[in-house]
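Visitor: Could you help me read a protein structure? I would like to begin with what surrounds a single residue.

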Amino acid sequence: MALNSVNTNAGALIALQNLQTTNAELGVVQGRINTGKKISNAKDNGAIWAIAQGQRSEIGALNAVKDSLQRGQSATDVAIAAGESVSDLLIQLKEKALAASDTSLTSSARTALNEDFKSIRDQIATVVSNASFNGVNLLNNSATAGFKALSNATGSTITVQDENLSLGGANVTLAATATIGTATLASTALTTINTSINNVSASLARLGTGSNSLGTHLKFVSKLQDTIETGVGNLVDADLAKESARLQALQTKQQLGVQALSIANSSTSILLGLFR
């Protein structure tokens, strides 16, 4: 190639290539500053982007896990509150039954105690039937499989077993038709009530353990989600302080590139002097 040619300006070509490279790098830096991410799409780094997407799906799945755990915790807490009321009512029934076991009671007194007894007995059924949260009742034997809350993104579950506190059930053995109309009936009811109180206490202990288990796992899932989110940030987030410094350097380099291209383009005009 001729050293002095107006058709081919090697210096200008080199300056233009360098300027285009600088402009491309400047576009990358500006994109990182705009988005706050060094990897915002698969073109930036396909492997890292794929890893980040997988972890983002994990974070989204853990949101569903947290919702499930919170529903389970609420359903269990409602059951505990109702179970405590049942326990209190059984204590009242025990007082009535013990009083009715006194053979010296008058008929009117025994009748009054029996009416109180039946009223309190029926309140147990009312409490149990209304111990529902989001359609889940752990006390009336309707949720025989218990409440199965999600525990991780793969669909594993934590189960809180139901505790049947219905009248005449496995725990509250007092029949729904029990009365204390006679001293004998009162003595029988007293024995049954004592057994029921012990059973309900054991049921509440199990429900309390289940609620604590759900709460503990919920805290773990929240921490896990935060940790994964931090990990994704480490993979894709841009260091804005570094990008700011690069932006300043590239802008200066861009200006120098424009000047270099201008100088290279003007070099051919020097050849005109040869023909004057």
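Guide: Let's start with contacts, meaning heavy atoms within 4.5 Å. Leaving aside neighbours within four places in sequence, F117 is in contact with L93, K96, A97, L174, A178, T179, I180, A189 and I193.

Visitor: What should I know about the model itself?

Guide: This is a predicted model, where local features need pLDDT of at least 70, side-chain atom pairs count only at pLDDT 80 or more, and totals for chains, interfaces and linings use all residues. Residues are numbered from 1 along each chain as its sequence is written, and side-chain values use heavy atoms, with hydrogens and water left out.

Visitor: Which residues touch the most other members of the largest nonpolar core?

Guide: In soluble globular proteins, nonpolar side chains tend to be buried together. A nonpolar core is a set of buried Ala, Val, Leu, Ile, Met, Phe, Trp, Tyr and Cys residues joined through side-chain atoms within 4.5 Å; buried means under 20% relative accessible area, with a 1.4 Å probe and protein chains only. Here the largest core has 50 residues, and F117 and L174 touch the most other members. The biggest contribution to this core, 15 residues, comes from α2. Apart from it lies another core of 5 residues, including A12 and L261.

Visitor: How many helices and strands does the protein have?

Guide: Both are DSSP runs numbered from the N terminus: helices are H or I with at least four residues, strands E with at least two. The protein has 5 helices and 4 strands, in the order α-α-α-β-β-β-β-α-α along the sequence.

Visitor: What are the dimensions of the box that the C-alpha atoms fill?

Guide: Along the principal axes, that box is roughly 145 × 25 × 20 Å.
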